[in-house]
Amino acid sequence: MSQAAEIERRHPTPVRFTSKEAARLVSRAAAVDAVGLEERAASLSKRSIKRDSKLWALDLAIRSMDLTTLEGSDTVGKIVAMCAKAVRPNPVDPSVPSVAAVCIYPHLVPVAAGQLKDTGVNVASVAGGFPSGLGPLDARLREVREVVDLGADEIDIVLNRSLFLGGQYSQAFEELAAAREAAGDTHLKVILETGELGSYDRIRQASVLAMAAGADFIKTSTGKIQPAATLPAALCMMEAAREFFHETGRRVGVKVAGGIRQSKQAIQYLVLVYETLGPEWMTPDLFRIGASTLLNDVLMQIDKERTGRYQSPDYYTID
Amino acid sequence: MAKIERRERGAPERREPVWEYATAPESSDIVRLEDRYGLFIGGEFVEPKSGQYFPTINPATEEPLAEVAEAGPEDIDLAVKAAREAHEQHWRGLPGTERAKYIFRIARALQERAREFAVLESMDGGKPIKESRDVDLPLAAAHFFYYAGWADKLEYAFPNRRPRPLGVAGQVIPWNFPMLMAAWKIAPALATGNTVVLKPAETTPLTALLLAQVVQDVELPPGVVNIVTGAGETGSHVVTHPDVNKVAFTGSTEVGKVIRRALAGTGKRLTLELGGKAANIVFDDAPLDQAVEGVINGIFFNQGHVCCAGSRLLVQEPVFEPLLDKLKDRLQTLRVGDPLDKNTDVGAINSRQQLQKIEELVASGVQEGAEMYQPECNLPERGFWFRPTLFTNVSQSHRIAREEIFGPVLSILTFRTPAEAVEKANNTPYGLSAGIWTDKGSRILWMAERMEAGVVWANTFNRFDPSSPFGGYKESGFGREGGLHGLEPYLDFDGGGD
């Protein structure tokens, strides 16, 4: 590590990149070897997490969860019910913590904001032309600003893959930087949509681009494209975040989303975080899981760990 | 820069504790050990004529596991006689399709009892269960499957050369991959119609003896496989026995030289797979994060008790510092401890003797002026343990850059040009393996052409497959094991063998 980087590390200050610098960073991003990356992800997924460490992981999985519903069929009633569940996931067990946030479409933000006031659970909204992120830029930026005004604490936007995959890194960067500015102090997550990027090299480059543009989090997927989150794609992003921290001193969070339905998967992602980014990242401030049906499985596993028995799914509410 | 607002919750804010993995030991209940094991000769376990037994211990706890017979000259003679008789009366005349059936049965039995074998391998040898479970046993079974397939196709493998078995093979194997080495030795010998007298290493005889039980279970004709236990002296009786036609040895270069001298002029066929001091070469355009994994795997896999271990790291200067930082960080996450814990990455050193050898060489590295780095980690009180170790400031002339340490110790050197990398990598009496890390395909080929090494890995390390031949250049030995090449040392041909 250079001396300058060492000083940066001890005195982290937000780094502002110009679009040219960012484009250079992207083209210089480290190469990724697919075979080695997948092998490492597979070997970490075999870690055996038992007893206390499992309970702790399940607890963190809940605290790091963005309880999500992004359906055309979402109703006010469904959001109200989901908010209640977000605050008290298990009504009969107050030791189970609240989730980190509720993640919804913009038009339902006021409902969630009202329900979650003073509960500690954040309101996260998708914006910026989700899930494509390809509409006119001014419309996307306006959506970001409006969602902030509606009361969202966190905003999930999508990288313009068209610009990025076309090699127009400066323009892609400028779009993200503009969204960063539009979001103001609101927590900004940038979705890379790894399933559309085609290679791990691209995932690593997209991670660098989004982090340089000021993203608080980089996120794997919208959940609308297959494949969504995978262990190797997430590991690739975590390695990028580790490198970015070493170079700039700024910790960027990682959010995995799409297809994570079981506790076992959630724990596998936590192991990746732990062994790649270290204990500092094992907090809802730097790690999130976006999921809709995962929560009930985690609740079931917690009961199983505590009692030694699986309960009927009927004991867990379905909203 | 935006900061996430965590609104206060009802409960007081918790400080994130450090996550500790709870212990996750693989149960050893599946292993039924006997107090005492005889020699496996002629399809039966028999008492040794020598009357001698020695204990084998668990290197992670220093507790004895069982007593094992020590075969003397008389016992070896009986084993070779049994092998000769089996060869002449059954095995030689058996059609290849029939031999294949037996070998397939062994392969399937290994798969069925894989967990039992893996647990015993970790108990007797100290290697992490995740390695014996995911590497040693699957590969051992794969070897038997692979060579079973060749048994009836030898005429096609060597057209117009009339391949014929040699007779009795005397095989001596090391303690680092006891089960896998037994498979590497026995499978091609049986496929080619030879019979076997195998001597496992004295510190790790138990899985070979369990294999003897499998050999009984699959009803292999008595005497086709004989397993005799003992130390170096027993091994020397095996290789020098006058009625052995073929010797296959895997172990140290020192012993390999002794064997070669002893066999000179006897007409016995010989293959040797000996030591190594492999270079893992990282260029500045390499995928660094994966290179780190490859380097770690290259030297800490099986505690570095690997003849093809990447024990010398050659780094191109522009990436020396970032790579070293990454390696040190990664070293800190290695979990050293109970081999039976499923989360253990680095297990116990195989024996006290090996531990002393590692300690001696590491002390010489410090004394010769190399800079040592070891992560903080708690080692168990009992048993044989050594911290994963890195050395920087190493020169080509240091002992730690020249001698095979056979432990979890990596010597790091730098280079500037590809030509310098080639020169340094080849500047060793050994030549078993090499690793090349670069994003440039043309450079991989350029380097591979120039490496004096039997195996060259590109952007990976320690990858094995039964179809791929393995063996050395220079003092790393001669002859190949695995693949079509692995059949040849066990065959005689019209116009002579290799």
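# How the two chains meet and pack

Modeller: In this predicted model, the contact between the two chains draws on 36 residues of chain A and 31 residues of chain B. On the side of chain A that touches chain B, the elements giving two or more residues are helix H3 (34-44), helix H4 (51-63), strand E5 (187-191) and helix H12 (263-276).

Biologist: What makes up the side of chain A that touches chain B, in terms of nonpolar, polar and charged residues?

Modeller: The residues on that side divide into 14 nonpolar, nine polar and 13 charged.

Biologist: Why does the radius of gyration of chain A agree with that of a compact globule?

Modeller: A compact globule with 319 residues would have a radius of gyration near 20 Å, and chain A has 19 Å, so the value agrees with the rule. The C-alpha trace of chain A spans about 55 × 40 × 35 Å along its principal axes, and 55% of the 319 residues count as buried. Chain A comes to 13 helices and eight strands, and residues 24 or more positions apart account for 76% of its contacts with a separation of 6 or more.

Biologist: What is the span of helix H11 of chain A, and what is expected for it?

Modeller: Helix H11 (residues 231-248) of chain A has 18 residues; its first and last C-alpha atoms are 25 Å apart, close to the 26 Å expected at 1.5 Å a residue. Just after H11(A), A:Gly249 takes a positive phi of about 80°.

Biologist: How do you know that H11(A) is mostly covered?

Modeller: A residue is buried if 20 or more other C-beta atoms lie within 10 Å of its own, and 15 of the 18 residues of H11(A) are buried, so the helix is mostly covered.

Biologist: Which residues have the most contacts inside the largest nonpolar core?

Modeller: That core has 176 residues, and those with the most contacts inside it are A:Val102, A:Leu209, A:Ala210, A:Ile218, A:Ala234, A:Ala241 and B:Ile281. H11(A) gives the most to this core, with eleven residues. A second, separate core of 87 residues includes B:Ile106, B:Ala212, B:Val215 and B:Tyr490. As for A:Val102, the residues it touches, not counting those up to four places away in sequence, include A:Leu67, A:Met82, A:Leu116 and A:Val123.

Biologist: Which way do the residues of strand E12 of chain B point?

Modeller: From strand E12 (residues 279-282) of chain B, B:Ala279 and B:Ile281 point one way and B:Asn280 and B:Val282 the other way, and all are buried. E12(B) runs parallel to strand E13 (residues 312-316) of chain B, to which four bridges join it, and B:Val282 stands opposite B:Val315 in E13(B).

Biologist: What makes E1 and E4 of chain B the edge strands of their sheet?

Modeller: Three strands of chain B form an open sheet in the order E1-E5-E4, with mixed pairing. Strand E1 (36-37) and strand E4 (53-58) are the edge strands, as each pairs on one side only. E4(B) pairs with strand E5 (residues 63-69) in the antiparallel sense over six bridges, and B:Phe54 stands opposite B:Val68 in E5(B).

Biologist: Why does B:Asp35 count as exposed?

Modeller: A residue is exposed if 12 or fewer other C-beta atoms lie within 10 Å, and B:Asp35 has 9 such neighbours, so it counts as exposed. B:Asp35 lies in the segment before E1 of chain B, and, leaving aside neighbours within four places in sequence, B:Asp35 is in contact with B:Ala66 and B:Glu67.

Key
Residues are numbered from 1 along each chain as its sequence is written. Chains are lettered from A and ligands numbered from 1 in the order in which they are written. This is a predicted model: local features need pLDDT of at least 70, side-chain atom pairs count only at pLDDT 80 or more; totals for chains, interfaces and linings use all residues. The expected span of a helix is 1.5 Å times one less than its number of residues. Two strands pair if DSSP finds at least two bridges between them. Two residues are in contact if their C-beta atoms, placed from the backbone, lie within 7 Å. Ala, Val, Leu, Ile, Met, Phe, Trp, Tyr, Cys and Pro count as nonpolar, Asp, Glu, Lys and Arg as charged, and the others, Gly among them, as polar. The radius of gyration is taken over C-alpha atoms; the globule rule is 2.2 Å times the number of residues to the power 0.38. A nonpolar core is a set of buried Ala, Val, Leu, Ile, Met, Phe, Trp, Tyr and Cys residues joined through C-beta atoms within 7 Å.
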